[in-house]
Amino acid sequence: MTKTSWQEELRRLRKEPREVRRFHKIADRYLERNQWRELIDHYRENSGLSQKVPGYWEELVDALERLGDKAEESEEKARLKLAVGQIYDEQLQDQPRALDAYQESIQLGNNLEAIRQAREIHRDQRDFEEVLRLYQLELEAVPNREDQQVILREIGRTLLQDMHNPKAAELRLKLAADLDEEDEVAHILLEQAVAELEAEKQQAIPAFDLQAASTAMERAEGTPQAMEIPPEQLPDLVPEMAGEPSILPEVTAEAIPEEVAAVPEEAAAVAPEAEAIPEEVAAVAAEAEEEPPAAVAVTERLAAVSVEEAAAVAPEAEAIPEEVAAVAPEAVPEEAAVPEEAAVPEEAAVPEEAAVPEE
């Protein structure tokens, strides 16, 4: 100690009351022996001197910081940092520095007490995200089931009451209630979470309908106003009914595929003969009307005779179709032979009522 510093110390001791000098003497002894817990107790027991000694608590913080720097084990360092944080928090009301000290303690040894102290500060600051993070950190650090159950319950309480998230709270509270069925607090909180979820569902129904209606209106407002177009500007979808020319494109020879446009020459040659067929058929029909065929005469005979006579005439009637068949090839030339499709259907045969009436 230099002469100047010794004189300053002497002047300080002369100014200090006797009780203050005794206090410092005891504190120095604890500090030399590295008895930091006893040193903290000594300061707390004599906290009344904080009004007489400037920087009373700062002296203790400085002493603990120096002991922490000398400590070799991380756990010891973590405990000293926790003590520093508590002094900042409780005595000096310096929460930012307290949080820094608690965080260093947590990093050094995952100190559970530092976690809890830091969590309370974050709760006072309404930083609930950090509160949940510290709860999760504590949940991973505690070894026994009882403590885990309490932490889960408090996580659920924070989610329900502070963060207003009943869905997330319900899951944690169910776990807490399962771990301890006799925990009435957990069961009460769980009932509250379920009730809030049900209330949210009831409120969401009309809200959903309102949102859907609003969305529909917005879509309708954004839809092109097609119905406001004058009718004369709309395309005529049925021009034949409206008396207007068709809007369908006119089919031209250029638009017809070559395969369809190329008509076989054989079909063109047959066309004149096919046109003559109806005239020849008409001529044959006229002759048939002027001279009734033998089949009509036989029918008249059959109508006039009795059953016995009809039986006798039957062989002659069977021979008539053969005569008609023999006449047909001579009446119609081979070139104009009527195709099978053009043959007169059976329904077109002269009915019995149309037969020549009896004289």
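This is a short tour of the structure, one selection at a time.

**Before you start**

The model is predicted, so local features need pLDDT of at least 70 and side-chain atom pairs count only at pLDDT 80 or more, while totals for chains, interfaces and linings use all residues. Residues are numbered from 1 along each chain as its sequence is written, and side-chain values use heavy atoms, with hydrogens and water left out.

**Stop 1: the whole protein**

Show everything as a cartoon. You will find 16 helices and 0 strands. Helices are DSSP runs of H or I with at least four residues, strands are E runs of at least two, and both are numbered from the N terminus. The protein has 359 residues, and 23% of them count as buried. Buried means under 20% relative accessible area, exposed over 50%, and partly exposed in between (1.4 Å probe, protein chains only).

**Stop 2: the aromatic rings**

A pair of aromatic rings is described by the distance of the centres and the angle of the planes. Rings of Phe, Tyr and Trp (its six-membered ring) pair if their centres lie within 6.5 Å; planes under 30 degrees apart are stacked, over 60 edge-to-face, and the rest tilted. That rule gives 4 aromatic pairs.

Select Y43 and Y56. Their ring centres are 5.0 Å apart and their planes meet at 55 degrees, so this pair is tilted. Y43 sits in helix α3 (residues 36-45) and Y56 in helix α4 (residues 56-70), so the pair ties together parts that are 13 residues apart in sequence. Both Y43 and Y56 are buried.

The Y56 and W57 rings have centres 5.1 Å apart and planes at 90 degrees, so they form an edge-to-face pair. W57 counts as buried because its relative accessibility is 10%. For Y56 the value is 1%.

Ring pairs link F23, Y43, Y56 and W57 into a cluster.

**Stop 3: E154**

Go to helix α9 (residues 145-162) and pick E154. Is E154 buried or exposed? It is buried, at 17% relative accessible area. Next, show R157. The side chains of E154 and R157 make a polar contact at 3.1 Å. Such a contact is a pair of N or O atoms within 3.5 Å; within protein, one must be able to donate a hydrogen and the other to accept it, and residues adjacent in sequence count only if both atoms are side-chain atoms.
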